[in-house]
Amino acid sequence: MGDFVLWIVVGTALAFDFTNGFHDTANAVATSISTRALSPRLAVTMAAILNFAGAFISLEVAATIASGIVDAELVTPSIVFAGLVGAIAWNLATWYWGLPSSSSHALIGGVVGSAFVAEGGRAVFGSGVVDKVVVPALVAPLLAFVAGGIAILVAYRIVGRQRPGPVARGFRLGQVLSASLLALSHGTNDAQKTMGIIFLALVANGSLGAGADVPSWVVVSAAAAIAIGTYVGGWRIIRTMGSRIIKMDPAQGFAAQGVGAAVIMAASHVGFPLSTTHVISGAIMGTGAAKRVSAVRWGVAGNIVTAWVLTLPAAAAVGGLTYAVVALFGTEELGPIAVSAALLTALGVALGRRLIAGRTLTAEG
Amino acid sequence: MTVLAVDTGLLWQVVWVSLLAGIGISALFSLVILGGARAGDARRAGRDGAALAYAAFALLAFVAFGLGVALGVQAML
């Protein structure tokens, strides 16, 4: 792999990291903004700083993304590049429709699709897909739903007879802490996926040995990309999670975030990969349904679940299609260069049209 | 026991630890609020002894809550 292609893969990985940040901002801040525990700008600033800090806490899972799901021996930089394009496309599509979905599953889906098109079925381990994607996708929302439902009933039982003012203020204060924990855990878990992808590209290029440490510039750039993405804030998804699933009070907001943080940390502790998005969405629905089943807007919840089901196949389809286009150019060098040039041109045209129309391009849309 | 590629023992551990931690952390913080609210009410009613007791109860619940959070962060590292 030439250095130019290496930098294309690094740039695409950082672009994915950026979309991961702004797509998942809602996980940490949506309930805090909805209950007015934090102002929107303060919430995303705090989440961005803690995502940045979280990326430095641990490097334990760097380079483990997609391991056990695709055959690492067969993965090439072009496969990684096409997989990243698939993941970015699905993150942008779900952001546009305001649907919270798993960035990790999008990344896995993209790499599975491109590996499948490149090398056929032998490159994909079906049991790995079941183990790391299908089962966690079923367990995470159900577990968080039940835990969130019980947690809010317990909380209402404990504080139910107190004056609403101090109770609401107390839970808002608690939300600042639970939002901080979620942002920190998001930075720790998700920034490492990008570090892992860049590390693999450096090893494939011969720039690093397989046993080398992750270079500092990789850690800093991945932390910065996810933090900037978080600061930009995916406001469409924040609106969906904060107010379109249920209209929540501060106790529900705290219970959803507290349960979310606890479930993610418990799963991390025993090494079971759960999606932050699935956990928080499930907890929000659980705290709403426990109060009153009709309090949950099940139509919105249904759209979210549909997006979860479609994440892997849709990202895989885009990843596979991207790899097919890359392969048309016949070489490892020309493919990623041609496709990234075409995508950058399309992005430039979209930005230009927005500017000509007098609108700025923001994550709010 | 492993079904397909899934370690059901690990799965069961995630379920019970998550339920315990999620519900526990919410319950402990609710107790902090309960103690704080009752301490405020007692202070306004001039019952200083009860106010002190409720404040101590809130502090105790907060310490337990803080320990739970610290345990969670440690587990994440």
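This is a predicted model: local features need pLDDT of at least 70, side-chain atom pairs count only at pLDDT 80 or more; totals for chains, interfaces and linings use all residues.
1. The partners are B:Asp41 and A:Arg163, whose side chains meet with an N to O distance of 3.1 Å.

2. Which helices of chain A each supply at least two residues of the side that touches chain B? They are helix 5 (126-159), helix 6 (164-204) and helix 9 (250-270). Helix 5 gives the largest share, 14 residues. By class, this side of chain A has 30 nonpolar, 9 polar and 2 charged residues.

3. Now for the extent of the contact. Chain A brings 41 residues to it and chain B brings 33 residues. Between them the chains bury about 3100 Å², and 81% of that lies on carbon and sulfur atoms. On the chain A side, A:Ile158, A:Gln162 and A:Val270 supply 17% of the area buried against chain B, more than any other three residues.

4. Within chain A, have a look at A:Thr31, which sits in helix 1 (residues 3-34). Is A:Thr31 buried or exposed? Its relative accessibility is 2%, so A:Thr31 counts as buried, the cut-off being under 20%.

5. Leaving aside residues up to four places away in sequence, A:Thr31 touches A:Gln175, A:Met248, A:Gly253, A:Gln257 and A:Ile284. With A:Gln257 there is a side-chain to side-chain polar contact at 2.9 Å. A:Thr31 and A:Gln257 are 226 residues apart along the chain, yet their C-alpha atoms are separated by 7.5 Å.

Conventions: Residues are numbered from 1 along each chain as its sequence is written. Chains are lettered from A and ligands numbered from 1 in the order in which they are written. Side-chain values use heavy atoms; hydrogens and water are left out. Contact means heavy atoms within 4.5 Å. Buried area is the accessible area (1.4 Å probe) that two parts lose on being put together, summed over both. A salt bridge is a side-chain nitrogen of Lys or Arg within 4 Å of a carboxyl oxygen of Asp or Glu. Helices (H or I, at least four residues) and strands (E, at least two) are DSSP runs, numbered from the N terminus. Ala, Val, Leu, Ile, Met, Phe, Trp, Tyr, Cys and Pro count as nonpolar, Asp, Glu, Lys and Arg as charged, and the others, Gly among them, as polar. Buried means under 20% relative accessible area, exposed over 50%, partly exposed in between (1.4 Å probe, protein chains only). A polar contact is a pair of N or O atoms within 3.5 Å; within protein, one must be able to donate a hydrogen and the other to accept it, and residues adjacent in sequence count only if both atoms are side-chain atoms.
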